[in-house]
Amino acid sequence: MSGDLRLRAVVKGVGSALPKRCVTNKELESTVDTSDEWIVQRTGIKQRYIAADDETTSTLGIAAARVALERAGLTPDDIDLVVCATSTPDYTFPSTATMIQAGLGITRGVAFDLQAVCAGFVFAVSTAEKFLLSGSHKRALVIGAETFSRILDWEDRTTCVLFGDGAGAIVLEAQEQPDQGQGDNLPRGILASCLRSDGKHRAKLYVDGGPSTTKTVGFLRMEGKEVFKFAVGQVTDVMAETFAACGITAQDLDWFVPHQANRRIIDASAQKFGIPPEKVVTTVQDHGNTSAASIPLALAVACDDGRIKPGDLVMIEAIGGGFTWGAAIIRW
Ligand code: ACO
């Protein structure tokens, strides 16, 4: 590293993949005691994608990674770190990340899964950044991939209408960037991130099975109102810390890309910081809650439609089971 330059983890490309089958609220009405009106009013969700038997977390992850690599102008050989955030791995082991690594034909470097439920992508981005800044690795594929449809109790209308399947991926590259800078001269890359967890909230959102307890996969269970309260009330601490760490305010942001769980949670978080609706990327209406995949899916939509451009200041933020929660600010 020379002079006033330092390594930053810079975004090179974004990609996503969805299952073939789209399920609208209307279609759900025929199998679940629910209504399009109830789902839209309480969550903003209009449809979600559900994986077929031959579509798994790793196949969706591989498809998303291929698009991200293409957008980055890179090949699988350029990647030496694969981090996959998921709570719905293909198998208990090996990790989905190693399956994605093999599917892409990558035979060097390291690949591992990271589990922080809906906050998984923010945790994975922050973890990959630390590898890249240490100098140990050069280019990372960071993937959020899920098939939550496999862990839903389709008899439980309070949860099954909320989730969907999908995957998103970004390529991060270690690059020397100016150490400091203000306004338009801010360096590119991840400027700051803040992660938190507090395991005492386990019972509010969990899966009631696992290899070491029930020897089954289990189903998702949730106290919806408690999760809602925590999500709206608590997540602002990591956002405030992340703004402070890079010396900017919410008004400096070009785009706010929160976890896509529920329209009301998204709106309330943005309002707390005075972020206007036109700067909020919202895809929950189209994808439902895809857990760790929701942020990279939303990033891919906003990059593909030309909203997010190089130089833009973007905040990502999420909360998930545990609870786990975190935020990061990236100069695109
Ligand atoms: N269709 C129709 N009626 C329903 C449905 C459904 N799918 N689900 C519940 N209801 C009924 C309930 O039975 C209840 O009926 P009752 O009054 O006769 O008892 C009524 O609707 C109200 O139920 P509530 O649970 O009070 O509804 P609420 O307004 O709290 O909305 C919701 C529920 C949408 C789950 C809300 O609490 C929420 O968004 N919570 C956040 C949870 C979340 O987003 N989790 C995602 C995972 S975690 C994460 O990603 C951060």
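This is a predicted model: local features need pLDDT of at least 70, side-chain atom pairs count only at pLDDT 80 or more; totals for chains, interfaces and linings use all residues.
**Entry 1: α3 and α4**

I looked up helix α3 (residues 57-72) against helix α4 (residues 96-104) and got an angle of about 50°, with the axes 9 Å apart. By the cut-off above, α3 and α4 are therefore oblique to each other. I also checked the hand: α3 crosses α4 in a right-handed sense.

Which residues make the contact? On the α3 side I listed Thr57, Ser58, Gly61, Ile62, Ala65 and Arg66, and on the α4 side Thr96, Met99, Ile100, Gly103 and Leu104. Sorted by class, the contact of α3 with α4 has five nonpolar, five polar and one charged residues.

**Entry 2: α7 and α9**

Next I took helix α7 (residues 224-234) and helix α9 (residues 263-272), whose axes come within 9 Å and cross at roughly 20°. That makes α7 roughly parallel to α9. The crossing of this pair, α7 and α9, is right-handed.

From α7 I wrote down Phe228, Ala231, Val232 and Gly233 as the contact residues, and from α9 Arg264, Ile265, Ala268 and Lys272.

I then looked at who takes part in the contact: 55 residues from domain 1 and 50 residues from domain 2.

How much area is buried between domain 1 and domain 2? I have about 4,000 Å², and carbon and sulfur atoms give 66% of that. On the domain 1 side I noted Cys118, Val122 and Ile151, which supply 15% of the area that domain 1 buries against domain 2, more than any other three residues.

I went through the backbone torsions next. Where do the cis peptide bonds sit? One joins Phe93 and Pro94, with omega about 5°, and Pro94 is in the loop between β4 (81-85) and α4. Another joins Gly322 and Phe323, with omega about 0°. I placed Phe323 in the loop between β12 (313-320) and β13 (324-331).

I also flagged Val117, a residue other than glycine with a positive phi, near 50°. I found Val117 in the loop between β5 (110-114) and α5 (120-134).

**Entry 3: to keep**

For the helix pairs I'm keeping about 50° for α3 and α4 and roughly 20° for α7 and α9. For the domains I'm keeping the buried area of about 4,000 Å². For the loops I'm keeping Pro94, Phe323 and Val117.

Methods. Residues are numbered from 1 along each chain as its sequence is written. Side-chain values use heavy atoms; hydrogens and water are left out. Axes are lines fitted to C-alpha atoms, for helices over the stretch in contact, and angles run from 0 to 180 degrees between N-to-C directions. Helices (H or I, at least four residues) and strands (E, at least two) are DSSP runs, numbered from the N terminus. Angles under 35 degrees count as roughly parallel, over 145 as roughly antiparallel, 65 to 115 as roughly perpendicular and the rest as oblique. A crossing is left-handed if the near helix is turned anticlockwise from the far one by less than a right angle, and right-handed if clockwise. Contact means heavy atoms within 4.5 Å. Buried area is the accessible area (1.4 Å probe) that two parts lose on being put together, summed over both. Ala, Val, Leu, Ile, Met, Phe, Trp, Tyr, Cys and Pro count as nonpolar, Asp, Glu, Lys and Arg as charged, and the others, Gly among them, as polar.
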